[in-house]
Amino acid sequence: MSDIKKIKDDYIDKLNTENNIDKVNNIKSELFGKNGIISNEFKKLGSISVEERKELASDLNNIKDELQNKILTKIQEIETKEINLKLEKEKIDVTLPERDIEIGKIHPVSQVIDEISSIFSEIGFSVEEGPDVENEYNNFTALNTPDNHPARDMHDTFYLDNNKELLLRTHTSPVQVRTMLKGKPPFKIIAPGRTYRSDSDQTHAPMFHQVEGLHIDKNINMGHLKGCLNYFIKEFFEVDKIKMRFRPSHFPFTEPSAEVDIGYEIKNGKIVIGEGNKWLEILGCGMVHPNVLKNVNVNPSKYQGYAFGIGIDRLGMLKYGINDLRAFFETDYRWLSHFGFDPLDVPSNYRGLSR
Amino acid sequence: MKFTIDWLKNHLDTKFNNNQIIDKLTDIGLEVESFESSTSELDTFIVAKIINAKTHPNADRLKLCDVDIGGDKTIEVVCGAPNAKNGLLTVYAPPGSIIPKNQMKLSVSKIRGVTSYGMLCSESELLLSNESDGIIDLKNNKYSNKIGEKYFKTTSEKVIDLSITPNRPDCLGVRGIARDLSAAGAGKLKINKKSNLKYRGNQNINVTIKKEKVQGCTIFGSCLIKGVTNKESPKWLKDKIKSLGQKPISAIVDITNYVMFDLNRPLHAYDADKIDNEIIVRSSSKGESFEALDNKKYILDNDMCVISDRSGVLGLGGIIGGTRSGTEYSTKNILLESAYFLPRSIRKTSKHLNIDTDAKFRFERGVDPLSIEEGLIKASELIKQICGGEISNLDVKKIENYKKTIINFDPFLFEKTTGFNVENKELIKILEKLGFNVSKNKKILKLVVPSWRPDITQSIDIVEEIVRIKGYEHINTSEPVKTRLKPTLNYYQKLFHFLQRSVASKGYLETVTWSFTDSKINQLFKENDQEIPIVNPISSDLNVLRNSIFPNLIFYLKKNLDRGFKDISLFEIGPAFKGKNPGDQLTVIGAVKAGKVSRLSWNDKERNVDTFDVKKDVIQSLCEAGIYKDDIVIDDKTPSYYHPGKSGGVYQNKNEKNALAYFGEIHPNIIKKLDIKTESLVIFEICLDYIKESKQKIKDLKSEYKFSDFQKSERDFAFIINKNFKSQELVNIIKSVDNKLIKSVRVFDVFEGENIPEGKKSIAVNVTIQSEEKTLNENDLDNINKLIISSVESKSGAKIRS
């Protein structure tokens, strides 16, 4: 028995110092192979007395377990070491650059149009469109601006023919005309889009964007107009409070007409919307003129309502601190990358208008 | 419209201070553009001190002076004055100043090789005296602490500049503004003093308003003033004229201008001795001409309203007078005109001849037709007072009587429109102060509109008057009504939104470019569309509406390449114009991609962008927008600006007539013509209008979920086939062998050259076969294999590679 114990101790010592997986496997077969040392010891058990056998078998089993465990842990130990060594060799420099990311962007005008549409959608407006090329009637005459009206001088118009019949729309208001002509009241629409005036300097571009709003129903009055615009401006600029001023003005197609100013101040060279005692004009609006309603076959004694027109580019400039209107349309890669928006940043009510 | 507070107070008794007046003006719709002192040419002259005067290196008589003009630095001025010495306080004029004596504008100049920044002035140069021997010596020590300040004190009063909307001609005169303010509670409108002017004799120059088919003048009032001495205006009048930003000319001209701005009543003064016998107001005949007071000769068309005498045209009525009958300092007798011209006629003539004058601006908007006499009297009084002379009786000829506008106004309309109520009493008071004559008939107010308000024609105009004067701040802010009448966006608007963001998410920067473009570039992309020229383009290189999105996109791509960017992806979504009528436009996405993929990559091999990059972008975007990939059919017919061999058209399904998208390399000729410097340029376009909405809604499609758990098998085939045979055809042939069992066919290799006969290619495909009913056995699979091979061979002429 002591032989066996000695053998065991020897092998434990051997295993403790052994680091080669093949050699450990050799030891395993030396001990537990068909003619292995331990296997042979077990075979001998048959030839000894029952009493002796009991004791010896128990010892032998313990020795077997101990050796097997030792072999198993040794193999695991060596394998882990080898894997770690392999992984160590495979190590790469993860600070090397990734494959190129191609980041696309949404133009600020598009983003602002989506913001505006999202806000008005919340209060039940739907989106209408109209063509960029308009006829004289829809752009002017139907909107109570006859040919001899001096208000036409305020619209420097691009014409497509010498008779001045076809033109590029100078505002989005002709969409009002189209919408009302093709449908029946009530109407509750916004119409964003491109508009054109033959005017070009630092603050004017020959093409710009407007959004038209129109709400016609039986009892819509100037209070609703104020409420609607107040809601819009607050939502758009994402401020809790907004200082806003309605000022009488004149547009041929609305009566009474108003221009709307919002309060602002300059803080650290940046414009802050909503506070302060300076005023900034941002839109024109009013109650749709009865002459316009008549022109589109809506009975002005039954229906009334408001309309407004807002410069989209200007709103975007104010909200996002863009100084130069011309830059909107100059396709400078650097400008587009900087002022553009992530395509997944879709303005919505539940996720927030802008991030 | 410019005026001073002082001038306003000639018409308005008010306790309001300046700021209150300014705020009130804005509140009632007379927008204040600015309120500041009128700038003077003399503002630039400042008090300065010579710190150090030394001799000019190249000229003994000149001195080089270091001059303190306030601030931190001194400046160097070359000066020829003998009295220029250290410590002298004098007057300095910086570059840009205009020297009163000779009206010369100073500029930075080199005097004998030394740069002089501005000038030190003598009294004579500033027209203060004839002293020209030396520069001004400001001995008085009150100037010693004023270095850097203006030498001439600004005495000019602050000027209000109003932007008057086109409907308010009455406010193009100070009195009209005062009336509006008084209605709004800012004071009391002063009553005009009764004139005690004495008239002598008759206006004996005969005036006729001729009967014409088109007569632009309906009233012509006039009087003669004999024995005047025309001269410079007195200071008060000069100041008024200057406050308008105009130059005083002579008393007579200044007076007529003054009355125009005071009462919105344009007048014209003729030198009566230069009128040939009589005045005839008539329509012009084509070809007539005259020299106007702006020193230009105008050649007239038919039917323009002219004031003429027996020798011909004297002036354009209500627009501009002529030099032939103009007043001068030597004028002794004048004929003063106060007339009414029809806005339509004025507008037509002035547009045609491109003339803009203060008189034209007013007549075009509508001058009070009942102000003829008032204007003549006010101007005559002033002329008599300043220039002397005797005034004839007033002569007023008219061919039409003024008709009053009467409006029956129901006060309920006010509340219905504005949402708030104003008591009848207050409402009537406002209207009366604005000049309305109000009488009551039960609930209805009968209103006589004042003659100076041509803009007021119906009840809604009355509502505006009341709410404007009452104040917009009284309008309530109602909570927005959230009722919805229909969905926010229709299918195409949603599609616009999806595709825009879908393309952007593929790494393209969205841009917005003009709807117009350069016809020379447009030419390259317009295909069979007609060119749509703009009659009055903003510039010659933006002279047509774009027939395609690409002209601008390529133009700006080139600009960015020239800026040094190499790998650029841009797109725009917007209109492409197909004709010049409203609606002849398509909504299109155009995208361009230039340069390389994996440029300067440490791990991937760089390569040029190619057709299959944009094909992926276009197909993926379409799929994301809801088009089924399996339905899409590609062909190789594309517009001429694409590379004919490396471009394709995308169809929503095989029966579709219009391609909804194109993709591919741009034609090399265009790259050459436009001198675009890039390694590779590929483009794609999607026409949103050609996309058809699926009849099935997404909720119907989702519920059709089907899948098979039976074993699937994959088989590879390689065919030798004609080089021009399209892989899409081959895939279709294989799929059609058994649409149920063949789940997918994937081309994984295309090969030409070695071991492949000339004019042929090898295509290898991987076919996935799976049944929804059972596990296929070897026999089933063999049968399908055989069918695939025989179908392909018989339908395409291909041979299976062994």
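Modeller: Within α8(A), the buried residues are A:M222, A:H224, A:L225, A:K226, A:C228, A:L229, A:Y231, A:F232, A:I233 and A:F236. This is a predicted model, and the description should be read as such. The length of the helix can be checked against its residue count: at 1.5 Å a residue, the 16 residues of α8(A) should span 22 Å, and because the C-alpha atoms at its ends lie 22 Å apart, the two values agree.

As for the contact between the chains, chain A contributes 70 residues and chain B contributes 76 residues. On the side of chain A that touches chain B, the elements giving two or more residues include α5 (108–122), β4 (187–196), α8 (222–237), β6 (244–251), β7 (254–267) and α11 (333–339) of chain A, and of the elements on that side α8(A) gives the most, with eight residues. By class, the residues on that side of chain A comprise 34 nonpolar, 24 polar and 12 charged.

For a helix pair elsewhere, in chain B, the axes of α6 (residues 343–353) and α7 (residues 358–365) come within 7 Å and cross at roughly 135°, so α6(B) and α7(B) are oblique to each other, and their crossing is left-handed. The residues that make this contact are B:P343, B:I346, B:R347 and B:S350 from α6(B), together with B:K360, B:F363, B:E364 and B:R365 from α7(B); they divide into three nonpolar, one polar and four charged residues.

Terms used. Residues numbered from 1 in each chain as written. Chains lettered and ligands numbered in written order. Predicted model: local features only at pLDDT ≥ 70, side-chain atom pairs only at ≥ 80, totals over all residues. Contact = placed C-beta atoms within 7 Å. Helix = DSSP H or I, 4+ residues; strand = E, 2+ residues; numbered from the N terminus. Nonpolar A, V, L, I, M, F, W, Y, C, P; charged D, E, K, R; others polar. Axes fitted to C-alpha atoms, helices over the stretch in contact; angles between N-to-C directions. Parallel < 35°, antiparallel > 145°, perpendicular 65-115°, else oblique. Left-handed = near helix turned anticlockwise from the far one by under 90°. Expected span 1.5 Å × (residues − 1). Buried ≥ 20, exposed ≤ 12 C-beta atoms within 10 Å, placed from the backbone.
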